[in-house]
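Student: I would like to learn how to read helices, pockets and cavities in a model. Can we work through one together?

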Amino acid sequence: MKINQNYLSLQESYLFSTIAKRVSEYSAAHPDAAVIRLGIGDVTRPLCPAVIEAFHEGIEEQGKAETFHGYGPEQGYGFLREAIRNYYEAFGVALSTEEIFVSDGAKSDVGNILDLFDRENTVLIPDPVYPVYCDTNLMDGRKIVYLDASKENGFLPMPEESRRADLIYLCSPNNPTGAVYSREQLQAWVDYARKQEAVILFDAAYEAFVRDPDLPRSIFEISGAEECAVEFCSLSKTAGFTGTRCGYTIVPSALKRNGASLQKMWLRRQTTKFNGVSYPVQKAAAAVFSTQGQIQCRENLAVYQENARLISDTLTRLGIWHVGGKNSPYIWLQCPDGMDSWAFFDHLLNNIHVVGTPGSGFGKNGEGFFRLTSFATQEATKEAMKRLEKLYQ
Ligand code: MLT
């Protein structure tokens, strides 16, 4: 037998696993250090009451013969897909429920979607970027072309006509930089993808953080996107589902390549390889889109938005260059004193016991940069900023 040799070209461990290991080693060696984690984007606010109530209902139903659910539809229950359809309709995107596929989160689907595409395809990926896009393509042995994101282009690289691409990854609001594409910029990407007959894989996991009404939250707000894009979204950050697991993927019926419908191919893939998300989780997820659920989730988001403001204000006072945080939960900063990303990681961990994510973990253009997340508690964020202020004053 032969293993998949492509795994040998990967870094030994996934970025966030490497960080977790380094932090746990540090904590073991320094048991008195009160470590504050502003590294991985994991939420700290509990599920909101409307979600918990529906979750309980779902569990109760599973305990009675009359309301028990066995295997559900692989694509997701109609009640949840309908709720997602209505959510999109509210910001002007018309979808059919057939185009919506419920999943256990955006990360899995971002990797799984590659089943639909040939390994000979060329993939265009901005750098820096969420490492899952690169790693999943490296696992398949696909050729990756990197697109430079930098301070100069506001970490929002634009298409270059001379470049050939079959698959294009875009994430807006961006992980890790927090930058958000405007409508005009996304239109340029859609026009480019259609010309190239490429497919855009659009990660909208942070759409709920967009506050500026002029900024798009979905690629499907852009004309022509239904013919060239797939969108991934998640309730992890929107509604605190990192430990509950639920997301969704939108594959438009109008999206065809080589005469085949990608929506039909994805349905075929999901019905074969996936048995759907558990019934109580889908009940809980549907409650996110209820009137009460939306109000309560927004209250939680406001806490993170306030944390982001606090981090950004502190960095501004300290004269540390940074972006993001306004329409995104991430703040992307330039490491002070010309430090490299991992040196700054060690500097913060050793001196003030604060954990962030080294920018170089997101690609070569992330070297010299660092990501902080606003998902910690308000108390932890305030304390971390107090320590940072003391360190740099
Ligand atoms: C991150 O910190 O980049 C995210 O939490 C990772 C993820 O969503 O998988």
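Tutor: Start with helix H6, residues 183–196, in this predicted model. A helix can be checked by its span. H6 has 14 residues and reaches 20 Å from its first C-alpha to its last. That is close to the 20 Å expected at 1.5 Å a residue.

Student: Which residues of H6 are buried?

Tutor: Buried means under 20% relative accessible area. In H6 that holds for Leu 186, Trp 189, Val 190, Tyr 192, Ala 193 and Gln 196. Look down the axis of H6: these buried residues fall within an arc of 165°, so they line one face of the helix.

Student: Now the pockets. What volume does the largest pocket have?

Tutor: A pocket is an open set of grid points, unlike a cavity, where the probe cannot get out. The largest pocket has a volume of about 600 Å³. Its lining counts 26 residues. Gln 11, Pro 131, Cys 134, Asp 135 and Gly 361 lie nearest the centre of this pocket.

Student: Which elements each supply at least two residues of that lining?

Tutor: Helix H1 (15–29), strand E3 (122–127) and helix H5 (131–140) do. H5 gives the most to the lining of the largest pocket, with seven residues.

Student: How do the lining residues of the largest pocket divide by class?

Tutor: There are 13 nonpolar, eight polar and five charged residues.

Student: On to closed spaces. How many cavities of 30 Å³ or more does a search of the whole structure find?

Tutor: The search finds three. The largest cavity has a volume of about 60 Å³. Pro 126, Pro 128, Ala 149, Phe 155 and Leu 156 are among the residues that line the largest cavity. Pro 157, Cys 171, Asn 174, Thr 177 and Tyr 181 also belong to that lining.

Student: How many residues in the lining of the largest cavity are nonpolar, polar or charged?

Tutor: Eight are nonpolar, two are polar and none is charged.

Student: What about the second largest cavity: which helices each supply at least two residues of the lining?

Tutor: Helix H7 (236–239) and helix H10 (291–318). H10 supplies the largest share, four residues. The second largest cavity holds about 50 Å³ of space. Its lining includes Val 43, Arg 45, Lys 237, Cys 297 and Tyr 304. By class, that lining has six nonpolar, three polar and two charged residues. Domain 1 and domain 2 each contribute at least three residues to the lining of the second largest cavity.

Student: Last, single residues. Where does Asp 42 lie?

Tutor: Asp 42 lies in the loop between strand E1 (36–37) and helix H2 (49–62). Asp 42 has 38% relative accessibility, so it counts as partly exposed. Its C-alpha is separated by 18 Å from that of His 353, 311 residues apart along the chain.

Student: And where is the place of Asn 4?

Tutor: Asn 4 is in the segment before H1. Asn 4 has a relative accessible area of 33%, so it is partly exposed. Asn 4 and Thr 291 are 287 residues apart in sequence, and their C-alpha atoms are 48 Å apart in space.

Notes
Residues numbered from 1 in each chain as written. Predicted model: local features only at pLDDT ≥ 70, side-chain atom pairs only at ≥ 80, totals over all residues. Heavy atoms only, no water. 1 Å grid on protein atoms, 1.4 Å probe; cavity = no way out; pocket = protein on both sides within 12 Å on 5 of 7 lines; lining within 4 Å. Points joined across faces, edges and corners; volume = space filled by probe spheres on them. Nonpolar A, V, L, I, M, F, W, Y, C, P; charged D, E, K, R; others polar. Domains from an automatic or database assignment. Expected span 1.5 Å × (residues − 1). Buried < 20%, exposed > 50% of the residue type's maximum accessible area, 1.4 Å probe, protein only. Arc of directions from axis to C-beta.
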